[in-house]
Amino acid sequence: MTKLYKRLRFLGITVLAGVILNSCTKDYGKINTRRDNVNITEAEVPFLFSRVLNGIPFEQQSAQNLYADLYAQYYANNATYFNTDRYNTGPTGGQYLFDYIYLRVLPQMLELLERKDPSSAEAALTNIMWAYAFHLVTDYFGPIPYFQAGLQDVTVPYDAQDKIYDDFFKRVTAAVQILEGKRSEKPFGSYDLFFKGDVNKWIKFANTFRLRLAIRISKVDPARAKTEGEAALAGGVFTDSPGDDTWLPKNTIDYNLLSQMSDWNEFRMSATMESILKGFNDPRMPIYFLPAKNTGTYEGFRNGLNPEQLAIDANKVNANSHVGARWTSLASGGIADHFSTPAMVMCAAEAYFLRAEGALLGWNMGGTAQELYELGITNSMRQWGITDNTVIQAYINGTTTPVAPGDYMASPPVSNIPVKFDAGDINVQLEQIATQKWLALFPNGLEAWADHRRGRYNKLYPIVQSDNPDVTNPATQWIRRLPFFLAEQQNNGPAVEAAVGLLGGPDKITTPLWWDKN
């Protein structure tokens, strides 16, 4: 990390153009070009913001799919040469997400914040994305290098997660205050890959993100959470799908990363997904997944199967459901231009489920928990093109419950809740809200796993086998974070040792993060 940070502030124009940005972290030496020797014109500066947005690894394999997607149980891994599904995070667990943010995103943000007036709309947008980018990293590990991130010629210390979250709230709040006075401006224009410089949409994005953070800390700091959550709603959050849904579109540099890896055939529908989608007769099932080639039906298998179990016919690739057509090549049953599928960043449905939970907690969320829950379902359906109100209302009032998936492990139903909102049991209501949020967040496993750890409300199957010595009984233990990876221990050892002291426990997958009070 020391060598890395010495270089972050001196990136050359080749990095900014995306050439080196698409290289592996072993190429650190190639970016050792002093930034102050390169003349980046003012006309080129907006491109830096494009790289901020496009540098976040939405749905990338080694940053998300092998970890968060599996631990959220959107998918189960069927490749015998991987064992992250069995909690073996390995020496590089989470490093790709860390490197994406610190190598691809942070340098651009630092440059923008140096060049732009702190009271400008451009600086405000950068600060919003600063908090968004780093919340992904801290929610993987806990303490991370933050307040001194990007400083040259120093060994970068780690900061405690509660201090980091405090800064998130302050940054986002200040950014929204700035944007409120600049609604007619078009910061970054077409280089803003999310909203094309629409300040009004950025305000709603920032407030929805603030609401997400508020719910995240609702167990560890309920008073602060309520204050932040109610302020976020008052400032205006997402309310409409598809109008408010935020996507990263295909552009001239990158492509949909889930689409890239889907035909590698290393993951399939999880048994948890099968139990819930089938039990609810969920109309999103044929959007999220394809029927298994062998049977023409939707099939999943349990997370954490060992290599011998994965070799059984029922657990093989063609016996289980591939991710949906929009992320799949034509040859595998998908579409001709699956690389062009936009990547989901944040959706209106999430805002309603956040508000529904807030309402149960006694926050002023502008409606009852049931009203907001049902609006969340409605907006999720609309997001995926399901607009028939008869279909939507039938689903909302559905009384069927998750089913036994009929898998190799003869698993029981993962839960016993229906979609129809419970009349009075708050524990059932919390599970219903969390389960529907989990479905609506798909395929954003980063947020789905963080939300599950934070609340433990929605039910997941225990993994079948743990290859991690810290989890000896998967029925009662689960993965709660990723340990600090080997390269950081080697290159930034004293800082990592100090970071362990900020965790409140050992550097293990079973140590809860600051906001995890389960």
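Which residues are buried in helix 17 (residues 389-396)? Select this helix first. The buried residues are Ile 392, Tyr 395 and Ile 396, where buried means under 20% relative accessible area, exposed means over 50%, and partly exposed lies in between (1.4 Å probe, protein chains only). Helices are DSSP runs of H or I with at least four residues, numbered from the N terminus.

This is a predicted model, in which local features need pLDDT of at least 70 and side-chain atom pairs count only at pLDDT 80 or more, while totals for chains, interfaces and linings use all residues. Residues are numbered from 1 along each chain as its sequence is written, and side-chain values use heavy atoms, with hydrogens and water left out.

**Around helix 17**

Next, display helix 16 (369-383) and helix 18 (426-441), against which the buried residues of helix 17 pack.

**The nonpolar core**

Select Met 129, Phe 134, Trp 202, Phe 205 and Met 273, which touch the most other members of the largest nonpolar core, a set of 150 residues. Such a core consists of buried Ala, Val, Leu, Ile, Met, Phe, Trp, Tyr and Cys residues joined through side-chain atoms within 4.5 Å. Helix 7 (residues 121-141) gives the most to this core, with 14 residues. Now centre the view on Phe 134. Leaving aside neighbours within four places in sequence, Phe 134 has contacts (heavy atoms within 4.5 Å) that include Ile 101, Tyr 102, Pro 145 and Phe 168.

**Empty space**

Rolling a probe the size of a water molecule over the atoms shows where empty space is left. On a 1 Å grid over the protein atoms alone, a cavity is a set of points where a 1.4 Å probe fits but cannot get out, and a pocket is an open set with protein on both sides within 12 Å along at least five of seven lines; lining residues have an atom within 4 Å of a point.

For the second largest cavity, select His 135, Leu 136, Asp 139, Tyr 140, Arg 216, Leu 446, Glu 447, Ala 450 and Arg 453, which line it. Helix 7 and helix 19 each give two or more residues to this lining.

Finally, turn to the lining of the second largest pocket, to which helix 19 (445-455) and helix 5 (68-71) each supply at least two residues. Helix 19 gives the most, with 3 residues.
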